[in-house]
Amino acid sequence: MKTEAPTTPAITQTGERHLSFELVARQSHIMLHGKPASVLTYNNSFPGPLLELQEGDHVSVHFTNQLTAPSNLHLHGISMSPEEDKPHQVVAPGESLSYAFTAQAGSAGMYWYHPHAHGSVTRQLFEGLSGPIIIRGEADKLPALASATEKVLVLHDIQLENGHVAPHTGMDWGRGKEGNLVLVNGEKMPEMQVPTGLLRLRVLNASSARYYHLGIPGKQLHVIGMDGSFLEKPVAKETLLLAPGERADMLVEAMEAAPLALLNMPYSRTPAGPSTDTPAGGAILATFAVQGAPAQVELPGKLVEIPALDLTTAAAHKTLTFGATMQPLQFTIDGKTFDHCRTDLTARAGTLEVWDIVNPMAMDHPFHLHTFPFQVIAVNGEAVPYRAWKDVVNVPANGSVRIAIPFEGFTGKVMYHCHILEHEDLGMMGNLEVL
Ligand SMILES: [Cu+2]
């Protein structure tokens, strides 16, 4: 990343770190892919600056809205009190608001921040507002990871017309707009110099609707983390699908000085809709110029312990069903569009719940829950063979996903919604109250 957010660190006598970050949202005139562009930024940076934390840190993020419209800040995936997440509260132009949390033990992973003012999330994010957060923990100190070359990759597509961000068409609101300019850390197809050895790629899908189907020809992706946790041990994959809002932490064995290309492979998230713009052989997202003498690489073994959840102890079993209406175009969960004041679901603090999220539509929808990380148990009835703490899960078209959620640590009202932001703004969101 090019920039880091201005921080005010303070270390207390007990050795605890208190970090305070400043983020200012504003319209900025920057260069994108060699052309002047008027976009929205945090701290004049596209994407926003990396907030780098350690488990145990006490963090406060001071947000100032210098846009001409209401906005706010959501610290996506962070397990924090609903009273501090406060996505229902908007910040008027010229006003500020602070968000505080403690980076919990076991929360080492990748997170991000973006606006969450209902009705204007899509456009504010599509026009540029997003930034990455990384929390580091004990597993980051394992020799294999400490010696790896780490690259943080923020994937954010955009579309420019005469130096301004192109508007949404009617079809964009239904399908989710995919910008024709796919940027990695604000650059089109950047080339990064890396030494031979293990390459650690930490990828954030900060796009409003575009899916990325990641692959590196000739290499396996050794996935070591997803969203808000490490996996217990690396899981080798040929390709990995990253829905909007999801993050992946992957190791690549770069033993020799030979270039590597990170590709976006074709994937159809709307079987009934128009095909995507990705060519059959994939589109290059970024390249890595690997340099140096041939290196021996060793993948890490055990990373962390993720508890297996005993589903027989679940206090409740809920089913959530996605839907839509055409006139007017709205998206629904359990037949309802979002109502700020309504409580759609309740859960008891200290209990485990199992949710089946059912998608009868001919289009994928990524499901996101605030504050409470969950484990994905099964996708389309097929058990997931590894454990991770997730906050976004893709629910395939005409499919379903089973998740298990321990409601630990906090009470209050939190949101759940589709992370295709057009759908969220058009109603595909609900309120859960944990009592
Ligand atoms: Cu959706």
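A salt bridge is defined here as a side-chain nitrogen of Lys or Arg within 4 Å of a carboxyl oxygen of Asp or Glu. In the structure shown, which is a predicted model, the side chains of E232 and R387 meet in such a salt bridge, with an N to O distance of 3.3 Å. Residues are numbered from 1 along each chain as its sequence is written, and side-chain values use heavy atoms, with hydrogens and water left out.

The chain is divided into domain 1 (10-136), domain 2 (143-291) and domain 3 (311-434); these bounds come from an automatic or database domain assignment. Between domain 2 and domain 3, the count is four salt bridges. Residue pairs in polar contact between these two domains number 15, with both residues at pLDDT 80 or more. A polar contact is a pair of N or O atoms within 3.5 Å; within protein, one atom must be able to donate a hydrogen and the other to accept it, and residues adjacent in sequence count only if both atoms are side-chain atoms. On the side of domain 2 that touches domain 3, the elements giving two or more residues are α4 (170-175) and β18 (229-237). Helices (H or I, at least four residues) and strands (E, at least two) are DSSP runs numbered from the N terminus. The element that gives the most to this side is β18, with six residues.

In total, 31 residues of domain 2 are in contact (heavy atoms within 4.5 Å) with 24 residues of domain 3. The size of an interface is often given as the accessible area lost when the parts come together. For domain 2 and domain 3, the buried area (accessible area, 1.4 Å probe, lost by two parts on being put together and summed over both) is about 2000 Å². Carbon and sulfur atoms give 55% of this area. The C-alpha centres of the two domains lie 25 Å apart.

Backbone geometry was also examined. The peptide bond from F46 to P47 is cis, with omega near -5°, and P47 lies in the loop between β3 (35-42) and β4 (51-54). Another cis peptide bond joins Q327 and P328, with omega about -5°; P328 lies in the loop between β23 (316-325) and β24 (330-333). N185, a residue other than glycine, has a positive phi near 50° and is placed in the loop between β13 (181-184) and β14 (191-195).

Notes:
Predicted model: local features only at pLDDT ≥ 70, side-chain atom pairs only at ≥ 80, totals over all residues.
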